[in-house]
Amino acid sequence: DLNIQLFLDDLKKDPKIKDWQLTQAQNAIKLYADHFLSVNQPIQIPEKKGTGKHLFPDAGTIHEKIKEALRIKHYAYSTERSYTDWFQRFYDYVTKVKKKDWEVTGADEEDVRDFLSHLAIKQHVSSSTQNQAFNALLFLFRHVLQIDLKDLSQTVRAKRGPKLPTVLSVDEVRKMLSHLSGRDLLVVHLLYGTGMRLMEVTRLRVNDIDFDGKAIYVRAGKGDKDRTTVLPQAVIAPLKEHLERVKELHTQDLANGRGEVYLPEALERKYPKAGRQWRWQYVFPAQNLSVDPRSGKIRRHHISADTVQKMVAAAVRDADISKHATVHTLRHSFATHLLMAGVNIREVQE
């Protein structure tokens, strides 16, 4: 702390350093000291007095450290909830099923291997669920406890055979759309007409739509990758009308002292007022204001994934479609129908 203060004092004496640069330096040092140094160091495991054994961190401490490490690495909030939930399930398994004293013995490769085998054999989870648990525990040991998991070769793994995706016909898509109206119709039409994933549509912002170029920019999609997709001609007019109504809602929020949306931390620091600007608003905002679980701010979030899943399920049911169709089915149908129309497969993949 003394070295940091001496460094900042030297910066203050430099006539070439402006006030905003000094503030920037302070923020940079604070970010590095408070987050990167603490996250990259293992949790200290103190020795239990008189036993020669070491105490393992309690569950509450590990929960907080998992969240901190995930936020530093810019993982999604859904991943944060998933990873902390998997740790809790692993903790319960170690302490209740294996009856180990967590704070004395902790956990090791054998416990991870037994837990994953337990999920496959006793709980009959799918391969994707077991892989999610494995990734969560791997993150816990590597980035929080700073312990390398070595031999997991004996783990019983859930296996998944090859699956063919469900694809709707063009007529079935038309029947689905005929049972929707207003905002719901627009959301489902965009899902099918653009091939976007569920969360990509819900998180769509006003500045991601290029009406002149008839394109939609998907920001930080799967794998944190950006890409473009087509903006269907059929949705342009209703989408413009919808945005007019959303803008009226945003104006009301601003008048009530609200109107700020979530922005990634880097953008929020660089452009502090951007969250209130129209171009950063969600295309499909939620009906009600809510509390941001991370910052505690009251904001208008985007519509939830559950809302979209329910509207698709209702449309499939009302259209009397016998196939097991979900939101992701529309993405498969989009790609298949493009290929049937003669579009080059490489263009569809891009």
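This is a predicted model: local features need pLDDT of at least 70, side-chain atom pairs count only at pLDDT 80 or more; totals for chains, interfaces and linings use all residues.
**Entry 1, the whole chain.** I began with the overall counts. The chain has 15 helices and five strands. I looked up its extent along the principal axes, and the C-alpha atoms fill a box of roughly 75 × 65 × 40 Å. Of the 350 residues in the chain, 36% are buried. I then took the contacts with a separation of 6 or more, and 60% of them are between residues 24 or more positions apart.

I looked up the accessible surface of the chain, which is about 21,400 Å². Carbon and sulfur atoms account for 51% of that surface. I also checked the charges: there are 55 positive and 44 negative ones, and their mean positions lie 2 Å apart.

Helix 11 covers residues 233–255, which is 23 residues. At 1.5 Å a residue I expect a span of 33 Å, and the end C-alpha atoms are 34 Å apart, so the two values agree.

I looked for a bend in helix 11 and found a kink of about 25 degrees, centred on Leu 239. Leu 239 is also among the buried residues of this helix.

Which other residues of helix 11 are buried? I noted Val 235, Ile 236, His 242, Leu 243, Val 246, His 250 and Asp 253. The cover over the buried residues includes helix 9 (182–194) and strand 1 (209–210).

Last, I looked at what follows helix 11. Gly 257 comes after it, with a positive phi near 85 degrees.

How values were computed:
Residues are numbered from 1 along each chain as its sequence is written. Side-chain values use heavy atoms; hydrogens and water are left out. Helices (H or I, at least four residues) and strands (E, at least two) are DSSP runs, numbered from the N terminus. The expected span of a helix is 1.5 Å times one less than its number of residues. The bend at a residue is the angle between axes fitted to the seven residues ending there and the seven starting there. Buried means under 20% relative accessible area, exposed over 50%, partly exposed in between (1.4 Å probe, protein chains only). Contact means heavy atoms within 4.5 Å. Accessible areas come from the Shrake-Rupley method with a 1.4 Å probe; for residues, only the protein chains shown count as cover. Lys and Arg count as positive and Asp and Glu as negative; His and the chain ends are not counted. The place of a charge is taken as NZ of Lys, CZ of Arg, CG of Asp or CD of Glu.
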